[in-house]
Amino acid sequence: MEVTHTMNGKTLTPEQCSKLSIYILMTTKTREGEAETWEKLAEEKNEDGSAKYIHAAGNAQFWRELNAELKEIMRILEA
């Protein structure tokens, strides 16, 4: 039985599913590293106590959420 995944009326072939899974796996450490880097930058403060990088916390959150969503996509692809 051939497994395919459909979204918005478009279907991924088994080969496309496999390539997407591989790409998600290969880029996991990059996403994790981005989240860690932005978390560290979010901790940095100016002399007055304000955030040195005002968007760093939001960027860290973006990378954490993206990683969680991609893990869910992997579960779907592997089903």
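Predicted model: local features only at pLDDT ≥ 70, side-chain atom pairs only at ≥ 80, totals over all residues.
- Helices here are DSSP runs (H or I, at least four residues), numbered from the N terminus, and α3 covers residues 56–78.
- The buried residues of α3 are A56, A60, N67, L70, M74 and L77; buried means under 20% relative accessible area, exposed over 50% and partly exposed in between, with a 1.4 Å probe and protein chains only.
- C17, I24, L70, M74 and L77 make up the largest nonpolar core, a core being a set of buried Ala, Val, Leu, Ile, Met, Phe, Trp, Tyr and Cys residues joined through side-chain atoms within 4.5 Å.
- Both α1 (14–26) and α3 supply at least two residues of this core, and α3 gives the most, with three.
- I24 is in contact (heavy atoms within 4.5 Å) with R31, L70, I73, M74 and L77, leaving aside residues up to four places away in sequence.

**Salt bridges**

- There are four salt bridges in the structure, each a side-chain nitrogen of Lys or Arg within 4 Å of a carboxyl oxygen of Asp or Glu.
- One of them joins E39 and R64, at 2.5 Å from N to O. This pair links distant parts of the chain, with E39 in helix α2 and R64 in helix α3, 25 residues apart.
- E39 is partly exposed at 31% relative accessible area, and R64 is partly exposed at 35%.
- Within helix α3, R75 and E72 sit three residues apart, about one turn of the helix, and form a salt bridge with closest N and O atoms 3.1 Å apart. E72 is partly exposed, at 35%.
- K29 and E32 also pair, their closest N and O atoms being 3.6 Å apart. They are separated by about one helical turn because they are three residues apart in helix α2 (residues 28–43).
- K29 is exposed at 65% relative accessibility, whereas E32 is partly exposed at 26%.

Key:
Residues numbered from 1 in each chain as written. Heavy atoms only, no water.
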